[in-house]
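Subject: Structure handover

Hello,

Here is the structure I promised to pass on. Please open it first, then read my notes below.

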Amino acid sequence: LQPLIGNAVKHNTITRKLPLHVKIYTEGTTLVVSNHKTPKIEAEPSTGIGLENLKSRWQIIAGEQIEIIDTEETFTVRLPLANPEK
C-alpha cells in the first residue's frame with residue numbers, strides 16, 4: 001500500500017479545499033486502491049519505476065497481475081489477493 005499512497009501524494013494537489021481521499025477496499029478477492037485525480041500544476045517527474053516494481057513484487061508474492069486503471073478523473077489499482085488454499 002505504501003507505494004500507492006506515495007504516488008497519490010506525489011502526483012496530486014493537496015490543500016484544505018482539495019483534500020486527497022484515497023479509497024482502500026476489497027471487491028471479492030481483489031484489494032482496490034483508488035483516488036480522485038487533482039494533478040499538480042507543475043507535475044513531479046515520474047519514471048514509472050514504482051508501479052513497475054509493485055507489478056513485479058505482486059506477481060512474485062501473489063502469483064497474479066495487478067490492474068492499473070488510469071482515467072481522466074481517477075487512478076485505481078486492483079490487486080488480486082493470494083488464495084490461501086494454494
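Is Lys37 buried, exposed or partly exposed? Lys37 is partly exposed, with a relative accessible area of 24%. The cut-offs for relative accessible area are these: buried is under 20%, exposed is over 50%, and partly exposed lies in between (1.4 Å probe, protein chains only).

Two notes on the source. This is a predicted model, where local features need pLDDT of at least 70, side-chain atom pairs count only at pLDDT 80 or more, and totals for chains, interfaces and linings use all residues. Residues are numbered from 1 along each chain as its sequence is written, and side-chain values use heavy atoms, with hydrogens and water left out.

Now the salt bridges. The structure holds four of them. Each is a side-chain nitrogen of Lys or Arg within 4 Å of a carboxyl oxygen of Asp or Glu.

Lys37 pairs with Asp70, and their closest N and O atoms are 2.6 Å apart. Lys37 sits in the loop between β2 (30-36) and α2 (49-62), and Asp70 in strand β3 (residues 67-70), so the pair ties together parts 33 residues apart in sequence. Strands (E, at least two residues) and helices (H or I, at least four) are DSSP runs, numbered from the N terminus.

Glu27 forms a salt bridge with Arg78, again listed with closest N and O atoms 2.6 Å apart. Glu27 is in strand β1 and Arg78 in strand β4, 51 residues apart.

Glu52 and Lys55 meet at 3.3 Å, N to O. Both lie in helix α2, three residues apart, about one turn of the helix. Elsewhere, salt bridges with shared partners join Glu27, Glu67 and Arg78 into one network.

Best wishes
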